[in-house]
Amino acid sequence: MRSTLGLSCNWTALLYFAAVLVCLLQPAASVKEHDFKKCHQSGFCKRNRAYADDAASQSSTWSSPYQVISDSPSFKDGQLHAMILKTINANSDTARFPVTVSFLKSGAARVTVDEERRQKKDIKLRHNSPVRKERYNEAENWVIVGGLDLDKEAQVAFWDKSQVNIKYGPDSKLEAVVKFSPFEVDFRRDGATHIKLNDRGLLNMEHWRPKVEKEKVEGRETQEGEGDNGEDDNGEDESTWWDETFGGNTDSKPRGPESVALDISFVGYDHVYGIPEHTGPMSLRQTRGGEGSYEEPYRMYNSDVFEYVLDSPMTLYGSIPFMQAHRKDSSVGVFWLNAAETWVDIVKGKDSVNPLSLGLGGKTSTHTHWISESGILDAFVLMGPTPRDLTKTYGELTGYTAMPQEFAIGYHQCRWNYISDDDVRDVDRKMDKFKIPYDVIWLDIEYTDDRKYFTWEQHSFPDPIGTGKQLESHGRKLVVIIDPHIKKIDGYSVSKEMTSQDLAVHNKDDEIYEGWCWPGSSNWIDCFNPKASEWWKTLYKYDSFKGTMENTFLWNDMNEPSVFNGPETTMPKDNIHHGHWEHRDIHNLNRLTFHNATFEALVTRKKGELRRPFVLTRSFYAGSQRLGAMWTGDNQASWDHLAASIPMILNQGISGYPFAGADVGGFFGNPEKDLMARWYQAGAFYPFFRGHAHIDSRRREPYLLGEPYTGILTAALRLRYSLLPSWYTAFFHANRDGSPIVRPMFWTHPTEEGGFAIENQMFVGSTGLLVKPIVEQDKESTDIWIPDDEVYYDYSTYQVQNTHKGKHLTVKAAIDQIPLLMRGGHIFPRRDIPRRSSAMMRFDDYTLVVAVSKGGAAEGELYADDGDTFNHEKGQYIYRKLTLAGNKLSSTDADGRDIKLTEAGSWLKAMREVYVDRVIIVGAPAAWNQKQVQIESEERTWSVKVEYHAAKKGRAAFAVVGRVGARIGEDWSIKLA
Ligand code: NOJ
């Protein structure tokens with residue numbers, strides 16, 4: 001599109017005008033897509049795809065040139081070491097690649113392959129480059145926080161000249177078969193193969209080689225996506241080995257070609273999920289053409305994609321290279337720990353019917369091809385067998401979601417920009433006037449003095465502390481934005497300190513890199529440098545960042561990093577980071593290091609003030625879940641974008657980063673009122689719930705819409721606030737074992753095939769609340785897929801749904817209704833007094849809702865802590881298990897603890913005065929139709945009132961017990977009959 005326009009420009013003014021018009025009429029999306037590389041424009045991706053095509057075209061004769069030297073393997077203490085030899089050419093030249101297969105106690109296995117010559121630094125760099133000679137091998141230092149203990153019980157089960165079999169994992173149920181010639185690893189569970197590495201022979205570690213200077217072929221111009229040479233002596237396509245141009249930017253490659261690629265097959269698996277962030281379906285599409293398939297591989301290269309397109313494998317702001325495969329009775333996964341630009345091709349195909357294939361013949365398998373630009377090969381293989389096991393093991397490795405500040409799961413009111421102290425205070429007052437609950441108001445970049453972070457625009461924000469105090473009076477918070485680009489200007493102390501101490505990213509010539517972002521000319525902090533992170537901390541101290549106080553929290557944006565004049569709107573790959581690693585090696589990790597520095601800065605803001613940080617990030621990598629929330633960036637105020645947000649958020653959840661949301665209302669554009677209504681109803685079910693809008697969009701705070709819309713938005717917000725105890729409990733589960741906060745059907749019902757591709761309805765934690773937000777215009781009903789034969793009740797009317805497993809249940813949903821069901825068998829907590837903010841609800845009593853199962857039972861949980869400090873790590877929390885069995889409803893400590901009052905800190909002590917107010921039992925049998933019931937707690941017994949409502953016209957019978965008056969933190973029981 002660009003070059004066409006360029007050509008036209010040179011012709012006549014008329015043509016130019018026509019071309020501009022064409023551009024304007026094109027959906028913005030198609031223009032933007034061309035600003036980003038396709039696989040054929042990315043040298044290493046193109047080469048590896050061609051390699052795969054070559055292999056496929058010679059399928060019967062193709063043999064991978066990688067072989068394990070048969071006497072090289074050794075096995076000890078859960079680790080297999082060996083040497084792989086790659087045959088480079090017909091002269092039998094070879095390159096050596098040490099491989100290690102580690103068997104971990106968690107049941108995961110890890111395969112790493114490095115390049116011997118580069119380990120030994122026995123290579124020459126071009127252009128006198130100062131970068132490191134080794135392949136990048138430090139991703140694990142940032143990403144992996146545990147789970148690496150070796151399974152020393154792992155044992156050799158078989159070993160000969162052609163392969164070695166290792167049994168490992170719980171009860172030695174798992175087995176890795178390492179074949180030598182060619183190198184291949186099969187992972188088996190209970191004797192059946194689930195994952196194969198290199199079975200299609202696409203392993204490709206581009207070994208180091210010196211550049212052989214050749215004369216340029218006369219008359220041949222270098223093309224976009226090409227460097228300066230054509231083919232090498234082995235007939236390989238050398239055109240992008242030594243440098244590569246895209247969008248007018250040339251990437252010098254001091255180490256030449258160095259990609260790492262591998263095919264990974266999921267044997268007998270039809271569905272694969274994960275590898276966010278993309279806008280396509282949750283169950284990933286095939287990528288090599290054909291009906292319903294993409295033409296391009298999924299790309300992971302964190303980028304600021306302006307006006308991103310939907311249903312596309314193109315890259316977005318963040319990436320998590322974790323993929324899980326799922327079928328009726330099994331889940332397995334692969335985590336590809338590589339921080340460089342990565343592409344993943346997916347093809348699915350029927351397995352050949354082979355009597356020896358252990359019953360898998362004729363099933364569909366998914367074949368994936370992972371292609372990264374540089375670094376070592378480092379792949380973790382997770383053998384499930386359930387989705388829950390996968391998220392748990394992945395979390396053991398990369399960390400679990402941090403327990404959030406409790407306010408962070410309330411509602412956030414944002415726009416680019418609230419323009420002054422007065423504006424912020426006015427919005428705050430109006431939210432109160434209209435009785436709309438909210439917790440946080442946000443300041444985008446315009447609060448700063450000329451986009452110099454850590455400063456305030458004095459005329460508009462003369463008194464941020466006064467503003468902060470007004471907010472604090474209702475327990476509310478202020479979030480301010482700080483980006484990683486620092487304005488390059490004289491007299492700005494932050495810039496001076498950063499550059500004079502050499503804490504910024506360098507360019508390829510090892511000088512401080514300069515690029516363009518919001519402030520104009522800028523430099524970028526390099527958080528790979530521990531000194532930079534230490535310095536970053538000093539900037540956030542209250543006496544340094546004046547105008548901030550205890551209720552100020554942070555937003556890190558533009559951290560892909562976004563560089564307006566950089567290649568693909570980011571940093572040149574040949575930039576240099578601390579430790580002399582190229583930006584190429586660490587691009588996708590970059591964000592995590594910056595997020596981490598801000599997180600640490602908030603922890604150390606003030607001596608003795610140990611509070612949980614809240615930092616929102618746009619860009620992310622595996623491990624970012626430990627540091628705060630993410631959102632899906634600059635979406636649009638359209639129904640399509642509303643719809644796309646649900647699978648995107650679900651995908652984040654199953655990929656270990658569940659604290660996710662999308663801009664409610666849509667960032668670009670002006671949503672019509674119905675869209676606003678539906679978006680708030682959906683947003684009330686995002687783990688991160690924030691309204692946000694572009695600077696050019698009209699104001700749209702909920703009270704501006706007018707009735708009935710303001711009322712509809714307020715009702716959605718109130719629903720969120722009443723359910724905060726359930727949301728907080730769901731966060732607790734994510735924190736303990738990695739369970740998604742909102743859960744897709746395949747995760748909760750892994751044996752129900754009908755649900756594997758469903759991506760527009762979700763369960764909230766373990767509450768049994770099943771929601772399907774309306775995401776289409778003028779839609780007043782929807783079909784909810786029912787995953788089991790349990791009873792389902794309508795959330796508001798208690799209507800019993802006439803349904804069964806696999807059925808699509810039609811639910812009415814006028815514009816003021818949210819399709820929300822309660823699954824029988826669950827108990828969930830609420831706080832029903834409407835208040836202004838979550839802080840004001842902190843010590844409110846609880847309502848417990850019991851949805852009685854078909855079998856007359858129910859179970860649930862409540863987790864609570866002070867929502868602010870780290871005292872929960874020292875046992876200062878309440879965690880109740882709620883059980884309905886027979887005629888008895890009871891609450892016991894879910895961790896089996898007996899908390900002594902003497903051990904209680906101030907929050908736990910205050911919670912002594914927090915009680916169970918009402919218990920609402922939906923589906924209560926007629927036997928419970930009585931006037932009073934008995935409560936037993938703390939060695940006392942007392943009676944309380946019951947209102948029993950018999951079943952009527954399809955509505956379930958229900959009983960309201962209360963006021964119960966038992967302390968929430970104590971054991972209690974209610975005898976219902
Ligand atoms: C880009 C972010 O995605 C958006 O949310 C923000 O408003 C602008 N940057 C301005 O800071």
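## Ligand shell

The residues of the shell around the ligand split into eight nonpolar, one polar and four charged. Here Ala, Val, Leu, Ile, Met, Phe, Trp, Tyr, Cys and Pro count as nonpolar, Asp, Glu, Lys and Arg as charged, and the others, Gly among them, as polar. This is a predicted model, in which local features need pLDDT of at least 70, side-chain atom pairs count only at pLDDT 80 or more, and totals for chains, interfaces and linings use all residues. Residues are numbered from 1 along each chain as its sequence is written, and side-chain values use heavy atoms, with hydrogens and water left out.

In total, 13 residues surround the ligand. A residue is near a molecule if one of its heavy atoms lies within 4 Å of it. The closest are Asp 444, Asp 557, Arg 618, Asp 634 and His 692.

## Polar contacts and cover

## Cavities

The structure holds eleven cavities of 30 Å³ or more. On a 1 Å grid over the protein atoms alone, a cavity is a set of points where a 1.4 Å probe fits but cannot get out, and a pocket is an open set with protein on both sides within 12 Å along at least five of seven lines; lining residues have an atom within 4 Å of a point. Grid points are joined across faces, edges and corners, and a volume is the space filled by probe spheres set on the points.

The largest cavity holds about 130 Å³ of space. Its lining has 15 residues, with Glu 406, Pro 725, Arg 831, Arg 842 and Tyr 846 nearest the centre. Ten are nonpolar, one is polar and four are charged. At least two lining residues come from each of α17 (724-737), β45 (858-865) and α19 (906-911). Helices (H or I, at least four residues) and strands (E, at least two) are DSSP runs, numbered from the N terminus.

## Second largest pocket

The second largest pocket has a volume of about 620 Å³. Of its 25 lining residues, Tyr 51, Asp 54, Trp 62, Asn 204 and Glu 236 are closest to the centre. The lining divides into eight nonpolar, nine polar and eight charged residues. The largest share, five residues, comes from α4.

## Backbone

Two cis peptide bonds can be picked out. One joins Pro 276 and Glu 277, with omega about 15°. Glu 277 sits in the loop between β15 (271-274) and β16 (298-300). Another joins Glu 707 and Pro 708, with omega about 5°.
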